[in-house]
Amino acid sequence: MAHYYTNDEVKHEPSTFTYTFNGKDYVFHSDAGVFSKRFIDYGSQALLKAVDLKDAQSLLDVGCGYGTLGIVLKGQRPELDVTMVDVNKRALQLARDNCIANHLDGVKIKESDVYENVDGTFDLIVTNPPIRAGKKVVHGILKGAKDHLNPNGRLVVVIQKKQGAPSAQKLMEEVYGNCTILKRDKGYYILESKR
């Protein structure tokens, strides 16, 4: 069984769709073997509506998939320095293709198992974590972000209540000393912690 958080080879089923956010259209190329392959999932949409870029100059998208969060946020603020990481090679190639399709330059896209190949620190880390990869991976993303945030940097995460939002909130409170629920939307929690 192939999972989007692995590099299992699955048969190609390419598709393309458009997503509109704040009046701007984004083109996404997708394929089998990636998360939410036919449309932008509701959790990512909820995070995009809730996150405030404020004065962030740099952003890291952890578990970027085909690039949804990083691409849309870069599209909203072209000067934003964006890095996207994922463990899935097919998703990473799609993220590269989607940066080209959306005329976005300078986005850094790297293969990385969580923060393994992440250098530097960021003003903002966003993630729609791979829940099916298990609690250990998800909690590793939440805890590990602290080492990659600038002072006053923020981690923003979306998790469904039934898939562990309360325990994620508790962990973020423990690690960062704070956790704000930015939004609740159809069972999805958008959580934010500040370093």
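The crossing of helix H1 with helix H2 is right-handed, meaning that the near helix is turned clockwise from the far one by less than a right angle. This is a predicted model, in which local features need pLDDT of at least 70, side-chain atom pairs count only at pLDDT 80 or more, and totals for chains, interfaces and linings use all residues. Residues are numbered from 1 along each chain as its sequence is written, and side-chain values use heavy atoms, with hydrogens and water left out.

Helix H1 spans residues 42-50 and helix H2 residues 68-76; their axes lie 10 Å apart at an angle of about 30°. Because angles under 35 degrees count as roughly parallel, H1 and H2 are roughly parallel to each other. Ser-44, Leu-47 and Leu-48 of H1 meet Thr-68, Leu-69, Val-72 and Leu-73 of H2 in this contact (heavy atoms within 4.5 Å). By class, five of these residues are nonpolar, two are polar and none is charged.

Asp-185 belongs to strand S8, residues 180-185. Its relative accessibility is 12%, so Asp-185 counts as buried (under 20% relative accessible area, with a 1.4 Å probe and protein chains only). Apart from neighbours within four places in sequence, Asp-185 is in contact with Tyr-42 and Ala-46. With the side chain of Tyr-42, the side chain of Asp-185 makes a polar contact at 2.7 Å.

Helix H4 covers residues 135-144, and Val-138, His-139, Ile-141, Leu-142 and Gly-144 are buried there. The buried residues of H4 pack against strands S3 (58-62), S6 (122-127) and S7 (149-160), and against helix H5 (165-176).

Technical notes: Buried < 20%, exposed > 50% of the residue type's maximum accessible area, 1.4 Å probe, protein only. Helix = DSSP H or I, 4+ residues; strand = E, 2+ residues; numbered from the N terminus. Polar contact = N/O pair within 3.5 Å; in protein donor to acceptor, adjacent residues only side chain to side chain. Axes fitted to C-alpha atoms, helices over the stretch in contact; angles between N-to-C directions. Parallel < 35°, antiparallel > 145°, perpendicular 65-115°, else oblique. Nonpolar A, V, L, I, M, F, W, Y, C, P; charged D, E, K, R; others polar.
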